[in-house]
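Student: I'd like to learn how to read the features of a model like this one. Can you walk me through a few?

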Amino acid sequence: MQNLALDQIVLFGDSITQFGSNASLEGWAATLADKYMRKLDVVNRGFSGYNTEWAKHILSPILRSATPTGSSIRLVVIFFGANDAVLPSSPQQHVPITRYQENLRELISIVREFSPHTHVLLVAPPPVHEAKWAAECESQGRTLNRTVENTRIYRDACLSVAAECGVGKLDPWSAFFGQGAVYDADRAAAALVDGVHLSAMGNKLLGKALLKEIASTWRELRPQALPTLLPLWQDVTTVPASLFQDLPTM
């Protein structure tokens with residue numbers, strides 16, 4: 001029997017990952033899936049509202065369930081911190097900064113224990129736009145629970161863990177604001193639909209930066225470097241022999 005299973009890229013994060021498959025907002029996860037079509041399966045495991053404290057308990061079963069027989073996970077993108085960084089006035093989601101870093105290290109260890117050959121890329125929490133998010137909170141009868149400065153602290157902490165653990169890293173602040181990642185309220189407003197979640201512009205910038213980071217860090221994972229599943233239609237001659245000629249068997 002021929003093996004038609006593709007290897008995977010697993011996207012593991014919160015609502016910014018979950019909503020990343022929203023085609024109407026040109027979601028960054030949808031962009032990634034399009035670029036890797038017939039190359040690698042992009043598996044979105046985003047969980048709205050989740051933080052690293054919860055994430056570390058579900059990553060192992062997610063990894064096990066994401067791999068069909070005969071396939072492997074080539075890359076896990078870990079994208080948490082937006083909810084960890086809420087202020088302590090929102091205790092259900094808030095995770096103290098030292099605990100957040102410990103949890104990131106544990107998530108990396110879980111991936112490495114599952115598969116030593118799987119690459120890991122940490123994405124830092126994006127900036128927020130306080131005025132937009134304050135309006136969103138007010139509409140729900142809540143007070144502002146996120147600030148630019150507190151989110152910046154968690155962003156720095158995430159990038160520090162990535163460097164410490166020797167994994168890939170992506171900084172949305174640089175993707176949004178350019179070299180130096182200096183906060184720009186107008187750019188943040190344009191990149192964030194409600195002050196936290198990505199607009200079409202924010203998704204485009206993040207998707208482009210992620211593809212660039214993957215290509216520069218792991219050249220073998222560039223879409224153009226990967227084989228395409230099954231021959232192009234122009235190359236189909238004898239059926240079914242030519243369909244399966246380059247496939248491994250199970």
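Tutor: Happy to, but keep in mind that this is a predicted model. Let's begin with a pocket.

Student: How much space lies in the second largest pocket, and which residues line the pocket?

Tutor: The second largest pocket holds about 240 Å³ of space. Its lining includes Leu 170, Asp 171, Ser 174 and Ala 175, along with Leu 205, Lys 208, Ala 209, Lys 212, Glu 213 and Ser 216.

Student: Which helices supply at least two residues each of that lining?

Tutor: α7 (172-177) and α9 (200-217) do. The largest share comes from α9, with 6 residues.

Student: And by class, what does the lining of this pocket have?

Tutor: There are 4 nonpolar, 2 polar and 4 charged residues in the lining of the second largest pocket.

Student: What about cavities: how many of 30 Å³ or more does a search of the whole structure find?

Tutor: The search turns up 1. About 50 Å³ of space lies in the largest cavity, and the residues lining it are Ile 16, Phe 19, Gly 20, Leu 25, His 197, Leu 198 and Asn 203. That lining has 4 nonpolar and 3 polar residues, with no charged ones.

Student: On to the rings. How is a pair of aromatic rings described?

Tutor: By two things, the distance of the centres and the angle of the planes. This structure holds 10 aromatic pairs. Take Phe 12 and Phe 80: their rings sit 5.0 Å centre to centre with 75° between the planes, an edge-to-face pair.

Student: Where in the chain are Phe 12 and Phe 80?

Tutor: Phe 12 is in strand β1 (residues 8-13), while Phe 80 is in the loop between β3 (73-79) and α4 (97-114).

Student: Why is the pair of Phe 177 and Tyr 183 edge-to-face?

Tutor: Because the planes of Phe 177 and Tyr 183 are at 70°, and over 60 degrees counts as edge-to-face. The ring centres of Phe 177 and Tyr 183 are 5.4 Å apart.

Student: Are Phe 177 and Tyr 183 buried or partly exposed?

Tutor: One of each. Phe 177 has a relative accessible area of 14%, so Phe 177 is buried, since the cut-off is under 20%. Tyr 183, at 22%, counts as partly exposed.

Student: Which residues form one aromatic cluster?

Tutor: Phe 12 and Phe 80 turn up again, together with Phe 47, Tyr 50 and Trp 54.

Student: How many disulfides does the count come to?

Tutor: The count is 0. Cys 158 is in no disulfide, and the nearest cysteine sulfur, that of Cys 165, is 10 Å away; the cut-off for a disulfide is 2.5 Å. Cys 158 counts as buried at 1% relative accessibility.

Student: Last topic, the backbone. What should I look for?

Tutor: Most residues other than glycine have a negative phi, and most peptide bonds are trans, so departures from that are worth a look. Here, Val 239 and Pro 240 are joined by a cis peptide bond, with omega about 5°. Pro 240 lies in the loop between α9 and α10 (241-244).

Student: And what is the phi of Ala 181 and of Leu 230?

Tutor: Ala 181 has a positive phi of about 50°, and Leu 230 has a positive phi near 65°. Ala 181 is in the loop between α7 and α8 and is buried at 4% relative accessibility. Leu 230 is in the loop between α9 and α10, and at 31% relative accessibility Leu 230 counts as partly exposed.

Terms used
Residues numbered from 1 in each chain as written. Predicted model: local features only at pLDDT ≥ 70, side-chain atom pairs only at ≥ 80, totals over all residues. Heavy atoms only, no water. 1 Å grid on protein atoms, 1.4 Å probe; cavity = no way out; pocket = protein on both sides within 12 Å on 5 of 7 lines; lining within 4 Å. Points joined across faces, edges and corners; volume = space filled by probe spheres on them. Helix = DSSP H or I, 4+ residues; strand = E, 2+ residues; numbered from the N terminus. Nonpolar A, V, L, I, M, F, W, Y, C, P; charged D, E, K, R; others polar. Phe/Tyr/Trp six-rings, centres within 6.5 Å; stacked < 30°, edge-to-face > 60°. Buried < 20%, exposed > 50% of the residue type's maximum accessible area, 1.4 Å probe, protein only.
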